[in-house]
Amino acid sequence: VGIYTNLMTKINVLKIIRFIKSTPQLKHTQVVLGGPEVRNHLQNFLLHGADIIVVGEGEESMLEVATHLNTANSKDEWNNIQGIAFLDSTGKLIQTNPRNLLRNIDELPFPNRKKINLQKYFDAWKSKHPQSAISVSTMRGCPYTCNWCSRAVYGQSYRRRSPKLVVDEMEFIQKNYQVDTIWFVDDV
């Protein structure tokens, strides 16, 4: 189970981990955390029950982790996956080398929104807000250097998607979903 973790979701993430780890039917489930909140609390999340932490930009690291979960016999074999942290068989915190950021984010596919029933999300959002919403990302990072801003995932980088791909994604959303608003989730 991969879970995005930020300051606002942290408490619920800890509850989800506790639920997974205390449910006998889920005893073989591996919990992988990522997002901005994990970087500064690696050991705490791992001691709370997370099996692996993906640090920084996660697409390539998560792909390797998912592949490795099906083939590795022990966590001690995970040292070659860049951008992760885990506890080895002795309980020692291991943090692998950081992964380089994706240079061209246009290479990323659109989110596979068809994999889940987004109508449940739209309905839940609309029950608390006046309109349903769907998110679109047009860039990663930020060109500014504000001291208060988090760089836990994208570091000091600024990478934009091509306008054509953003428009293509918005047209896909318009053709496939009945949603009131598009929420741009960019840092800027």
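The radius of gyration is taken over C-alpha atoms, and the globule rule used here is 2.2 Å times the number of residues to the power 0.38.

**View 1. Overall chain of the predicted model.** With 188 residues, a compact globule would have a radius of gyration near 16 Å, and the 18 Å of the chain agrees with that. The C-alpha trace spans about 50 × 40 × 35 Å along its principal axes. The chain holds five helices and nine strands, where helices (H or I, at least four residues) and strands (E, at least two) are DSSP runs numbered from the N terminus. Their order from the N terminus on is β-α-β-α-β-α-β-β-α-β-β-β-α-β. Buried residues make up 36% of the 188 residues; buried means under 20% relative accessible area, exposed over 50% and partly exposed in between (1.4 Å probe, protein chains only). Of the contacts between residues at least 6 apart in sequence, 55% join residues at least 24 apart, a contact being heavy atoms within 4.5 Å. This is a predicted model in which local features need pLDDT of at least 70 and side-chain atom pairs count only at pLDDT 80 or more, while totals for chains, interfaces and linings use all residues. Residues are numbered from 1 along each chain as its sequence is written, and side-chain values use heavy atoms, with hydrogens and water left out.

**View 2. Strand β4 and its partners.** Strand β3 (residues 52-54) pairs with β4 (residues 84-87) in the antiparallel sense over two bridges. I53 has A85 as its bridge partner in β4, and V54 has I84. β4 also pairs with β5, in the antiparallel sense over three bridges, and the partner of A85 in β5 is Q95. Five residues lie between the strands of this hairpin, where G91 takes a positive phi near 90°. In a regular strand the side chains alternate between the two faces of the sheet. Both faces of β4 are covered, with I84 and F86 buried on one side and A85 and L87 buried on the other.

View 3. The structure holds six aromatic pairs; rings of Phe, Tyr and Trp (its six-membered ring) pair if their centres lie within 6.5 Å, and planes under 30 degrees apart count as stacked, over 60 as edge-to-face and the rest as tilted. Y121 and W125 are stacked, because their ring centres are 6.3 Å apart and their planes at 25°. They are four residues apart in helix α4 (residues 118-128), and therefore separated by about one helical turn. Y121 is partly exposed at 35% relative accessible area, and W125 is partly exposed at 30%. Ring pairs link Y121, F122, W125, F172, Y177 and W183 into a cluster.

**View 4. Around Y177.** The rings of F172 and Y177 have centres 6.5 Å apart and planes at 70°, so this pair is edge-to-face. F172 is partly exposed at 28% relative accessibility, whereas Y177 is buried at 12%. K114 lies over the face of Y177, at 5.2 Å from the ring centre; a charge sits over a ring if NZ of Lys or CZ of Arg is within 6 Å of the ring centre and within 35 degrees of the ring normal.

Conventions. Two strands pair if DSSP finds at least two bridges between them.
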